[in-house]
Amino acid sequence: RTSPVRLSFATDEVLLEAGGGDEAQASEALPAEFTGDPFTIAFNPGYLLDGLSALGSEVARMVFTTPDKPAVLTLGGGGQDDGDYRYLLMPVRLFS
């Protein structure tokens, strides 16, 4: 519950990873449209879930610049904006 959820973006998928250390661990690859260089960003799972739950849609759009800057979560996909809903999501710093 306290471990960040890591999202690793690549060309055609996003890998979600949760847990770490002695805790239970889970990972799942999901299809995604992504442009840019592959990178990993992490979020507090509660805040990420709050934003996704409020969408009420199976498709979400996440816009970001770098893993250490806030991301904006909106409705829609395919490069279009499908409404006025915007959720600002601050990333969690990952330590290697």
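Before I start on elements: helices (H or I, at least four residues) and strands (E, at least two) are DSSP runs, numbered from the N terminus. I also keep in mind that this is a predicted model.

**Entry 1**

I began with the largest pocket, which holds about 1000 Å³ of space. I counted 34 residues in its lining, and the closest to the centre are Phe-9, Ala-32, Ala-60, Arg-61 and Met-62. Which elements each supply at least two residues of that lining? I found E1, strand E2 (13–18), E3, helix H1 (45–55) and E5. Sorted by class, the lining has 22 nonpolar, 7 polar and 5 charged residues.

**Entry 2: rings**

Phe-9 made me look at the aromatics next. My tally is 6 aromatic pairs. I checked Phe-9 with Phe-64: the ring centres are 5.0 Å apart and the planes sit at 55°. Planes under 30 degrees apart would count as stacked and over 60 as edge-to-face, so at 55° this pair is tilted. Phe-9 is in strand E1 (residues 5–9) while Phe-64 is in the loop between E5 and E6, so the pair ties together parts that are 55 residues apart in sequence. I noted both Phe-9 and Phe-64 as buried.

Phe-34 belongs to the loop between strand E3 (26–31) and strand E4 (39–43), and Phe-64 to the loop between E5 and E6, so the pair ties together parts that are 30 residues apart in sequence. Buried or exposed, I wondered, for Phe-34 and Phe-64? Both are buried.

Putting the rings together, I get a cluster of Phe-9, Phe-34, Phe-39 and Phe-64, linked by ring pairs.

**Entry 3: sheet**

I see an open sheet of 3 strands in the order E5-E6-E7, with antiparallel pairing. Strand E5 (60–63) and strand E7 (86–89) are the edges, each pairing on one side only. On average, neighbouring strands of this sheet are turned by 25° against each other, direction ignored.

How many bridges join strand E6 (residues 71–75) to E7? I count 4, and the two strands run antiparallel. For one of the partners, I looked up Ala-71 and found Leu-89 of E7 across from it as its bridge partner.

Note on methods. Residues numbered from 1 in each chain as written. Predicted model: local features only at pLDDT ≥ 70, side-chain atom pairs only at ≥ 80, totals over all residues. Heavy atoms only, no water. Pairing = 2+ DSSP bridges. Axes fitted to C-alpha atoms, helices over the stretch in contact; angles between N-to-C directions. Phe/Tyr/Trp six-rings, centres within 6.5 Å; stacked < 30°, edge-to-face > 60°. Buried < 20%, exposed > 50% of the residue type's maximum accessible area, 1.4 Å probe, protein only. 1 Å grid on protein atoms, 1.4 Å probe; cavity = no way out; pocket = protein on both sides within 12 Å on 5 of 7 lines; lining within 4 Å. Points joined across faces, edges and corners; volume = space filled by probe spheres on them. Nonpolar A, V, L, I, M, F, W, Y, C, P; charged D, E, K, R; others polar.
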